[in-house]
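Please examine the sequence and the structure shown below. The paragraphs after them are intended as a guided reading.

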Amino acid sequence: MATDNEHIALMFNNIAPTYDKLNHILSLNVDKRWRRKAVKCVKNAISNIDRPIVLDVACGTGDSTIQLAKNLEHTRIHAIDISEKMLEIGKEKVENLKYEERMKISFTNSSAENIVFHDNVFDAVFVAFGVRNFSDREKGLQEILRILKPSGTLVILELSEPQNVIVRWLYNLYFKNILPFIGKCVSGNKEAYRYLQKTVEKFPMPAEFMNMLSDCGYKDLKHKALTCGLCRIYQAKKA
């Protein structure tokens, strides 16, 4: 019987060829600006560290990994994802980078719940639009804590439901009716995008998620809303 992680990997393998195109269409390219802001948070967190090591968890097709490579000097970047097809596309993208950027990056097939690296390895961990897809959210956060160095930083970029009543109404109209339709037209997989919409709905509200991070052992917690609360950046450090 297939595990939750196997189901998730299969779904993302199926939508991998159209994943980037659809994300940019659905977000009107705002996702690129969100990533840049979050990568800047990672950059600031490791600015005083000599030759830092960064992990990109649930890296997908490598957009966030490439952003990290372009913006972080003298940094080694490891990227993991549960979907082999997503990683294949990420590797193809990296081949088009400048040599010095390309040599910073390595990809590994791994789930967030069982990260393949040793304890206390990374100065920072970045997760862009991936925490909501963890099959076991607390276990994934605890694994990230394990592989972070003492005082290492976790930066999470994640979609969220806006708290403004009018914005939330428009958001629900879009996510529940328009997004699955466009998803079916572009990728041929309507159910995958219904799943993605449900993961956003089920994701904890900011205060609840901050409590979860604290319970897992993180400190110095903070978060920032982007674009009327459609997306948020969370930051935390290893206690």
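What follows leads the reader from helices and strands to salt bridges, aromatic rings and the surface.

The model is predicted, so local features need pLDDT of at least 70 and side-chain atom pairs count only at pLDDT 80 or more, while totals for chains, interfaces and linings use all residues. Residues are numbered from 1 along each chain as its sequence is written, and side-chain values use heavy atoms, with hydrogens and water left out.

Helices (H or I, at least four residues) and strands (E, at least two) are DSSP runs, numbered from the N terminus. Helix α2 covers residues 30-45, and its 16 residues reach 23 Å from the first C-alpha to the last, close to the 22 Å expected at 1.5 Å a residue; the expected span is 1.5 Å times one less than the number of residues. Its buried residues include W34, R35 and C41, where buried means under 20% relative accessible area, exposed over 50%, and partly exposed in between (1.4 Å probe, protein chains only).

In strand β5 (residues 148-159), 9 of the 12 residues are buried. Strand β4 (residues 122-128) runs parallel to β5 and is joined to it by 6 bridges; two strands pair if DSSP finds at least two bridges between them. F126 has V155 in β5 as its bridge partner.

The next topic is charged side chains. A salt bridge is a side-chain nitrogen of Lys or Arg within 4 Å of a carboxyl oxygen of Asp or Glu, and the whole structure holds 7 of them. One of these links D20 and K93 at 2.4 Å, N to O. Because D20 lies in helix α1 (residues 4-27) and K93 in helix α4 (residues 84-94), this pair ties together parts that are 73 residues apart in sequence. D20 is buried, with a relative accessible area of 15%. Another salt bridge joins R132 and E158 at 2.6 Å, N to O. Here R132 is in the loop between β4 and α6 (137-147) and E158 is in strand β5, 26 residues apart; both residues are buried. E143 counts as buried at 14% relative accessibility, whereas R146 counts as partly exposed at 23%.

Aromatic rings come next. Rings of Phe, Tyr and Trp (its six-membered ring) pair if their centres lie within 6.5 Å; planes under 30 degrees apart count as stacked, over 60 as edge-to-face and the rest as tilted. By this rule there are 5 aromatic pairs. The rings of F12 and Y19 have centres 6.1 Å apart and planes at 70°, so this pair is edge-to-face; both residues are buried. The rings of F203 and F209, with centres 4.9 Å apart and planes at 50°, are therefore tilted. F203 and F209 form one aromatic cluster with Y234.

R51 lies in the loop between α2 and β1 (53-57) and is exposed at 57% relative accessibility. C228 is found in the loop between β6 (218-226) and β7 (231-238), and C228 is exposed at 59%.
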